[in-house]
Amino acid sequence: MASSKPERPRLDTTTPNMGRVADYFLGGKDNFAADREAAEAAMAITPELPVLWREGRRFLGRAVRFLAQEAGIRQFVDVGCGLPTQGNVHEIAHAVAPEARVVYVDNDPMVVVHGQALLQDDRLTVVVEADLRDPGALLSHPGLTKMINTDEPVAILLFGVLQDIQDDSQVTQIIDHLRKAIPPGSYLAISHPVADLRPEATAKLAAFYQSEGAVSGPHRNGLRSKAEVERYFDGLDLVEPGVVYIPEWRPEGELAHRPDAIWVVGGIGRKE
């Protein structure tokens, strides 16, 4: 992995940003005209995008409840957290374990400043600016180490963030670094859109993201496959039911959508 640090992003309201586009998909108000235009253009290619994001939030809720309630995790690091929305990690975790500590991580200054303002009175939750592409610096960030005891089990959450890193080898290096850094008893949770169910549409969507004036940030030529995402859990014990399309991961009640209509997979692995 390159030793040079990623360039610190600057707030730019004229160029679409994935976190703000996602906020628009979720019905939020923390977005700008450029973000809304990009979101509408993306939905012209894949109209189900808002549904995918809402299902992603439901998966996050079930995953965090499992980690806090069944796995007994009391430390969470949510990487690529995006703009604050209802049903955030700290709200879900604190409903189960009020003493749980949560660190939100994002490389978007707007996200960080907004989150810090909202959580300034919360002693158990913090927002820090760091970049997943430099996991060593991320895990050693003073704001994180002040909140997280790295000798105790922790849950690292990578929900809807890995697809924004184009280089497959870089993603593998990031996952390897995180897996080696966390202590035994820790968990790694991932959600990731995949190309298996709608290869043509997702290829067009990836091409749109790469086009001039579209969402900023590195994007791969097409989405990864479910099999590629499954390999990110190598060396970990997969929690049942494994890596599945997210509506099928420990559903609560009847499924709101057909699993094959939601082309996002998710899973949780435990380090022994």
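**Close-up views of a predicted model**

**View 1. Helix H8 and its buried residues.** Gln-170, Val-171, Ile-174, Ile-175, Leu-178 and Arg-179 are the buried residues of H8. Buried means under 20% relative accessible area, exposed means over 50%, and partly exposed lies in between (1.4 Å probe, protein chains only). The model is predicted: local features need pLDDT of at least 70, side-chain atom pairs count only at pLDDT 80 or more, and totals for chains, interfaces and linings use all residues. Residues are numbered from 1 along each chain as its sequence is written, and side-chain values use heavy atoms, with hydrogens and water left out. Helices (H or I, at least four residues) and strands (E, at least two) are DSSP runs, numbered from the N terminus. H8 covers residues 168-181, 14 residues in total. From first C-alpha to last, H8 reaches 20 Å, close to the 20 Å expected at 1.5 Å a residue. The expected span is 1.5 Å times one less than the number of residues. The cover over the buried residues of H8 includes helix H6 (135-139), strand E4 (155-159) and strand E5 (187-193).

View 2. E1 spans residues 75-79, and five of its five residues are buried. On one side sit Gln-75, Val-77 and Val-79; on the other, Phe-76 and Asp-78. Both faces are covered. E1 runs parallel to E2, joined by five bridges. Strands pair if DSSP finds at least two bridges between them. Asp-78 stands opposite Tyr-104 in E2. E1 also runs parallel to E4, here over three bridges. On that side, Phe-76 stands opposite Ala-155 in E4.

**View 3. The β-α-β unit of E2, H5 and E3.** Strand E2 (residues 101-106) pairs with strand E3 (residues 125-129) in the parallel sense, over five bridges. Val-103 has Val-126 in E3 as its bridge partner. With helix H5 (residues 109-118), the two strands make a right-handed β-α-β unit. Right-handed means that, with the strands pointing away from the viewer, the path from the first strand over the helix to the second runs clockwise.

**View 4. Thr-125 in strand E3.** Is Thr-125 buried or exposed? Thr-125 is buried, because its relative accessible area is 4%. This residue is found in E3. Leaving out residues up to four places away in sequence, Thr-125 touches His-90, His-94, Val-102, Tyr-104, Leu-119 and Met-147. Contact means heavy atoms within 4.5 Å.

View 5. His-114 lies in H5. The residue counts as partly exposed, at 22% relative accessibility. Its C-alpha is 30 Å from that of Arg-179, which is 65 residues away along the chain. Among the elements of the protein chain, H5 has the lowest mean pLDDT, 79. Strand E6 (residues 237-238) has the highest, 98. pLDDT is the predictor's confidence in each residue, from 0 to 100. The protein chain averages 87, and 90% of the residues score at least 70. Where pLDDT is low, the predicted coordinates should not be read in detail.

**View 6. Aromatic pairs around helix H3.** The count comes to four aromatic pairs. In Phe-59 and Phe-159, the ring centres are 5.5 Å apart and the planes stand at 80°, so this pair is edge-to-face. Phe-59 lies in helix H3 (residues 49-70) and Phe-159 in strand E4, so the pair ties together parts that are 100 residues apart in sequence. Phe-59 and Phe-159 are buried. The rings of Phe-66 and Trp-249 have centres 5.9 Å apart and planes at 80°, so this pair is edge-to-face. Phe-66 is in H3, while Trp-249 is in the loop between strand E7 (244-245) and strand E8 (264-270), 183 residues apart. Phe-66 and Trp-249 are both buried. Ring pairs link Phe-59, Phe-66, Phe-159, Tyr-187 and Trp-249 into a cluster. Rings of Phe, Tyr and Trp (its six-membered ring) pair if their centres lie within 6.5 Å; planes under 30 degrees apart count as stacked, over 60 as edge-to-face and the rest as tilted.

**View 7. Helix H3 and Arg-54.** The 22 residues of H3 should span 32 Å at 1.5 Å a residue, and its end C-alpha atoms are 31 Å apart, which agrees. Gly-72 follows H3, with a positive phi near 75°. Arg-54 has its place in H3. At 37% relative accessibility, Arg-54 counts as partly exposed. Not counting residues up to four places away in sequence, Arg-54 touches Phe-25 and Leu-26. Arg-54 and Ala-22 are 32 residues apart in sequence, with 9.7 Å between their C-alpha atoms.
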